[in-house]
Amino acid sequence: MGRLSGKVAIITGAAQGMGASHAKAFVAEGAKVILTDINVEAIQELASSLGDSAIAVKQDVSKQADWDEVIAKGEAAFGLVNVLVNNAGVLGKIATTLDFSEEDFNWVCAINQTGVFLGMKAVIPSMIKSGGGAIVNISSIAGLVAIYGAPNAAYVASKFAVRGMTKQIAVEYGKQNIRCNSIHPGYIRTPMMAAATDEEGGEALSMIPLGRLAECSEVSNLAIFLASDESSFITGMEHVIDGGMTAL
Ligand SMILES: NC(=O)c1ccc[n+]([C@@H]2O[C@H](COP(=O)([O-])OP(=O)(O)OC[C@H]3O[C@@H](n4cnc5c(N)ncnc54)[C@H](O)[C@@H]3O)[C@@H](O)[C@H]2O)c1
């Protein structure tokens with residue numbers, strides 16, 4: 001028995017980086033997984049490599065209609081959905097506030113913030129019917145503190161919002177046995193991190209007490225724990241995985 005046997009999980013942004021890592025790790029632990037992303041070719045390839053336990057559904061997380069389709073296809077393939085990992089996200093242009101437009105602000109928030117809200121709203125009815133569920137929202141250390149070198153104010157605003165919504169949903173739906181937690185990664189080796197700094201974390205490396213970046217699999221281990229029944233009394237909380245960076 002895997003640690004996620006009996007779980008039906010949606011993982012957004014599963015084409016690369018942490019989302020792809022979570023998809024592989026969840027299937028290895030016995031979950032049925034619905035991979036979603038705007039990059040449909042990549043999720044189709046990954047889903048077929050994972051066999052009968054995975055399907056791919058093209059999705060823009062900021063679109064309500066896409067969420068309706070993901071839930072319908074996921075339930076048709078695997079039954080009621082009881083895990084959601086809201087992982088899809090964008091950095092946006094790297095700029096300080098005077099050089100950051102309202103249009104750019106709204107685009108980042110539509111994906112990182114509205115996308116997370118729509119995902120929770122879409123999946124909660126399925127979770128209630130299934131007797132409960134676990135939502136894992138991927139925020140950032142930029143959802144806890146301001147950071148020199150954070151990409152822009154919209155990224156920080158959206159990641160703080162994810163942290164707040166996580167607590168609100170935990171309170172609203174705890175009685176229905178739905179748990180909701182946020183993960184706050186520091187510098188993790190993914191295409192997004194490489195775009196923001198460089199392959200080795202750039203100047204940020206000197207601010208990480210463990211002296212290295214994390215591999216995606218280290219975050220997947222935390223996501224598995226929060227999605228599984230091992231974390232059955234943990235809800236509404238921030239889970240920081242940053243090599244000690246915010247301890248400084
Ligand atoms: N890498 C890091 O160091 C780091 C640190 C803190 C938080 N995070 C967060 O972790 C999550 C995953 O980050 P990553 O580094 O793996 O990123 P990544 O850029 O490598 O992957 C993100 C995935 O999201 C998809 N995506 C983008 N817009 C989408 C949309 N509108 N709808 C659906 N899918 C969409 C992309 O196609 C991509 O496959 C993000 O929410 C990010 O903000 C990353």
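## The pocket lining

By class, the largest pocket is lined by 25 nonpolar, 15 polar and three charged residues. Here Ala, Val, Leu, Ile, Met, Phe, Trp, Tyr, Cys and Pro count as nonpolar, Asp, Glu, Lys and Arg as charged, and the others, Gly among them, as polar. A pocket is an open set of points on a 1 Å grid over the protein atoms alone, with protein on both sides within 12 Å along at least five of seven lines, and lining residues have an atom within 4 Å of a point.

This is a predicted model, where local features need pLDDT of at least 70 and side-chain atom pairs count only at pLDDT 80 or more, while totals for chains, interfaces and linings use all residues. Residues are numbered from 1 along each chain as its sequence is written, and side-chain values use heavy atoms, with hydrogens and water left out.

## Who builds it

The largest pocket has a volume of about 930 Å³, taken as the space filled by probe spheres set on the points. Of its 43 lining residues, Gly 89, Val 90, Leu 91, Tyr 155 and Met 192 are closest to the centre. Helix α6 gives the most to this lining, five residues; helices (H or I, at least four residues) are DSSP runs numbered from the N terminus.

## The ligand in place

The ligand sits in this largest pocket, as more than half of its atoms lie within 2 Å of the grid points. Around the ligand are 28 residues, each with a heavy atom within 4 Å of it. Met 18, Asp 37, Asn 87, Tyr 155 and Thr 190 are the closest. That shell splits into 15 nonpolar, ten polar and three charged residues, and α6 supplies the largest share, three residues.

## Polar contacts

Now for the polar contacts (pairs of N or O atoms within 3.5 Å). An N or O atom in the Thr 190 side chain is 2.5 Å from a ligand oxygen. Backbone polar atoms also reach ligand oxygens: Asn 87 at 2.8 Å and Ile 188 at 2.9 Å.

How values were computed
Polar contact = N/O pair within 3.5 Å; in protein donor to acceptor, adjacent residues only side chain to side chain. 1 Å grid on protein atoms, 1.4 Å probe; cavity = no way out; pocket = protein on both sides within 12 Å on 5 of 7 lines; lining within 4 Å. Helix = DSSP H or I, 4+ residues; strand = E, 2+ residues; numbered from the N terminus.
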